[in-house]
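Visitor: I'd like a close look at one part of this model, please. Could you walk me through it slowly?

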Amino acid sequence: MADTAEGKKEEADYKRLHSFPLIRHTDMPEEMRVEAMELCVTACEKYATNNESAAKMIKEMMDKKFGSSWHVVIGEGFGFEITHEVKNLLYMFFGGSLAVCVWKCS
């Protein structure tokens, strides 16, 4: 039982240390990148236990702010290969191992 408590404490410490957003790849202009990154962080914090709701929030806000056809994937341990419009891709990590990929394609 002590091992479980210690493991949860270490995981909480790890997530606290890695609670800042880490951009893995982006080709967005600076202003769009900052807004998208802040939106992703807000959604992931608001819906910490529901990635589907966080993705829906990000997609709806990006569609409203930057035009339609945005796509969002949030999760851990996934790979992807996508086609996207130039200057409309953001791939980042948040909270340690949670990845967020946001892109636009028509």
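How does F78 count at its relative accessibility: buried, partly exposed or exposed?

Guide: Keep in mind that this is a predicted model. F78 counts as partly exposed, because its relative accessibility is 26%, and buried would need under 20%.

Now look at its partner. F78 and F80 form an aromatic pair that is tilted, with 6.0 Å centre to centre and 45° between the planes. F80 is partly exposed too, at 35% relative accessibility. F80 also pairs with Y91: the ring centres are 4.9 Å apart and the planes stand at 80°, so this pair is edge-to-face. F80 lies in the loop between strand 2 (70-75) and strand 3 (89-94), while Y91 is in strand 3, so the pair ties together parts that are 11 residues apart in sequence. Y91 itself counts as buried, because its relative accessibility is 14%. The structure holds four aromatic pairs.

Let's follow F93 into the sheet. L22 stands opposite F93 in strand 3, and strand 1 pairs with strand 3 in the antiparallel sense over four bridges. Zoom out, and you'll find four strands in an open, antiparallel sheet, in the order 1-3-4-2. Strand 1 (22-26) and strand 2 are at the edges with a single partner strand each, so one side of each has no neighbour in the sheet. From one strand to the next, the twist averages 15°. Finally, helix 2 (residues 30-46) packs on the sheet, touching strand 1, strand 2, strand 3 and strand 4 (98-104), and its direction makes about 40° with that of strand 3.

Notes
Residues are numbered from 1 along each chain as its sequence is written. This is a predicted model: local features need pLDDT of at least 70, side-chain atom pairs count only at pLDDT 80 or more; totals for chains, interfaces and linings use all residues. Side-chain values use heavy atoms; hydrogens and water are left out. Rings of Phe, Tyr and Trp (its six-membered ring) pair if their centres lie within 6.5 Å; planes under 30 degrees apart count as stacked, over 60 as edge-to-face and the rest as tilted. Buried means under 20% relative accessible area, exposed over 50%, partly exposed in between (1.4 Å probe, protein chains only). Helices (H or I, at least four residues) and strands (E, at least two) are DSSP runs, numbered from the N terminus. Two strands pair if DSSP finds at least two bridges between them. Axes are lines fitted to C-alpha atoms, for helices over the stretch in contact, and angles run from 0 to 180 degrees between N-to-C directions. Contact means heavy atoms within 4.5 Å.
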